[in-house]
Amino acid sequence: MKSKYSLLMIVCCFLIAAMSSCEAVEELTETETEKTIRIFSDGIWNVDTLVTKTDLFSGGISTIQTDSTFNNYGSIEFQKPNQTIPGYGAGYMIHRYMKNGISCVDTSAWVPYNFNSGNNNYITLFFALPGEDLVVDGYDMYLDLVELSEDRIRISGWRRETIPGGSGGSYGSYRRYHLTR
């Protein structure tokens, strides 16, 4: 009788060790893009801080036009990018928050790399006007991956558009997200 229980315990220990080692091997073999997708899309993120700015940049001088900080600003859900069908392969970033007592939802698209260069040290967000395609008609914003861990993400970046007419200046918009679980 003791030998049956001993054998059963050995088999259980072996199965537990095998399952945990598979997860460890999977994490060791995942690419940076796979890791980024896993961390971003594994659950809901709290928006601890969202900082937005706009500026006018000309002659090497940035003149800030707007500067806003939003604390405890709802939650963000990053849905996995669709890597299985041809096309842009973007996922949705769904931001749920309260503004002036009204429940709001903003949706943009995202990919876990720089959309133009494929560099893995960035994510790309796509914003569009209502009724327009997020990726095709939207404007893209490249955010640096400042910090990426299982329970904390910090991303930030500027988007600049040249002022028409040859003035040499640009309009800019900035976003910085601090997200935690």
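This note sets out several points on the structure shown above, which is a predicted model.

1. Overall make-up. The secondary structure of the protein chain consists of two helices and nine strands. Read from the N terminus, the order of elements is α-α-β-β-β-β-β-β-β-β-β.

2. Burial and surface. The protein chain has 181 residues, of which 30% count as buried.

3. Contacts along the sequence. Consider the contacts in the protein chain between residues at least 6 apart in sequence: 44% of them join residues at least 24 apart.

4. The largest pocket. This pocket has a volume of about 290 Å³. It is lined by 15 residues, and those closest to its centre are Leu 50, His 95, Tyr 97, Asp 106 and Arg 175. By class, the lining comprises eight nonpolar, four polar and three charged residues.

5. Strands around the pocket. At least two lining residues each come from β1 (44–58), β4 (91–99), β5 (102–111) and β9 (170–180). Strand β4 gives the largest share of the lining, namely four residues.

6. Is Thr 124 buried or exposed? Its relative accessible area is 0%, and because buried means under 20%, Thr 124 is classed as buried. The side chain of Thr 124 also reaches the backbone oxygen of Tyr 113, at 2.6 Å.

How values were computed
Residues numbered from 1 in each chain as written. Predicted model: local features only at pLDDT ≥ 70, side-chain atom pairs only at ≥ 80, totals over all residues. Heavy atoms only, no water. Buried < 20%, exposed > 50% of the residue type's maximum accessible area, 1.4 Å probe, protein only. Polar contact = N/O pair within 3.5 Å; in protein donor to acceptor, adjacent residues only side chain to side chain. 1 Å grid on protein atoms, 1.4 Å probe; cavity = no way out; pocket = protein on both sides within 12 Å on 5 of 7 lines; lining within 4 Å. Points joined across faces, edges and corners; volume = space filled by probe spheres on them. Nonpolar A, V, L, I, M, F, W, Y, C, P; charged D, E, K, R; others polar. Contact = heavy atoms within 4.5 Å.
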